[in-house]
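User: Got a model open here. Can you walk me through a few local features?

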Amino acid sequence: MTHKGRIVTAVALTTLALGLTACNDGEDSSSAQESPSASAPASPDPASSDPGSESPSADPGDDAGAPAGGDVAAPGTKLKIGDRAILPFTYGTEKKGTVAVTVTAIEKGAEADMAPFGAKAKGMTPYYIRMKVENVSGTDLSYASLRLRGKLEGGGPTGVILIGDLPGKCDNETAPRDFTTKGASYETCSLSATKTDPIAAASFEDGDAYSDSPVLWTS
């Protein structure tokens, strides 16, 4: 059985200035501007009592769950959609391991799809980053959640942060309960959006090394 990704009390959408450090886009936070926000209906979190339900971050220097079946992708690795990357993964304070991520598609949605986020989403085009996630280390990563970010052509930031998903169109699924053994896998989707140029890449940037130099998948 799968569970929905962690949703806060009200799903929030924030439009930020390009280069905001909190977006993990590697620029100085002094360039941030005050941003408006919008909300969409919230969903219950069945795993909210799980002590590992913190936001995930990767720690490439940790030896827990050493990779098997291939080398960990170095920061800055550039891949094509359909390629598989082995990555270090930490979720919360207790769950650590190694996963393999295969981006299977970056699909453009319609502006109308953003209606649940309200008026502040006007003019935004959503993109659905679809992926397969595999447990490579065989450690307990049940109910963990992994999210990729959309990037413009060349790896530039979109200027938009979305928290949540669009049920039925792009569901950010948590790992199933049995995502505890080597070879276990599931499929999920990360929602991204832009008001400017099209989104052309998916970015893994969890952890200090990858936030400075993310792994990118492009078409």
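User: Where does S211 lie?
Analyst: S211 is in helix α1, residues 208–212. Helices are DSSP runs of H or I with at least four residues, strands are runs of E with at least two, and both are numbered from the N terminus.

User: What kind of model and numbering is this?
Analyst: The model is predicted: local features need pLDDT of at least 70, side-chain atom pairs count only at pLDDT 80 or more, and totals for chains, interfaces and linings use all residues. Residues are numbered from 1 along each chain as its sequence is written, and side-chain values use heavy atoms, with hydrogens and water left out.

User: Is S211 buried or exposed?
Analyst: Buried, because its relative accessible area is 15%. Buried means under 20%, exposed over 50%, partly exposed in between, with a 1.4 Å probe and protein chains only.

User: What does the S211 side chain reach?
Analyst: The backbone oxygen of D208, at 2.9 Å.

User: Switching to rings. How many aromatic pairs?
Analyst: Three. The rule takes rings of Phe, Tyr and Trp (its six-membered ring) with centres within 6.5 Å; planes under 30 degrees apart are stacked, over 60 edge-to-face, the rest tilted. One of the pairs is F179 with Y186: centres 5.2 Å apart, planes at 90 degrees, so edge-to-face. F179 and Y186 are both buried.

User: What about F204 and Y210?
Analyst: Those two also form an edge-to-face pair, 5.3 Å centre to centre with 75 degrees between the planes. F204 is buried at 0% relative accessible area. Y210 counts as buried at 1%.

User: How many disulfides?
Analyst: One, taking a disulfide as a pair of cysteine sulfur atoms within 2.5 Å. C170 and C189 form it, with the sulfurs 2.0 Å apart.

User: Which parts does the C170 and C189 pair tie together?
Analyst: C170 lies in the loop between β9 (160–162) and β10 (185–194), while C189 is in strand β10, so the pair links parts 19 residues apart in sequence.

User: Left-handed or right-handed?
Analyst: Left-handed, because the torsion about the S-S bond of C170 and C189 is about -100 degrees. Both C170 and C189 are buried.

User: How many of the ten residues in β10 are buried?
Analyst: Eight, so β10 is mostly covered.

User: In which sense do β7 and β10 pair?
Analyst: Antiparallel, over ten bridges; β7 spans residues 125–135. Strands pair if DSSP finds at least two bridges between them.

User: Which residue stands opposite S185 in β10?
Analyst: E134.

Notes
A polar contact is a pair of N or O atoms within 3.5 Å; within protein, one must be able to donate a hydrogen and the other to accept it, and residues adjacent in sequence count only if both atoms are side-chain atoms.
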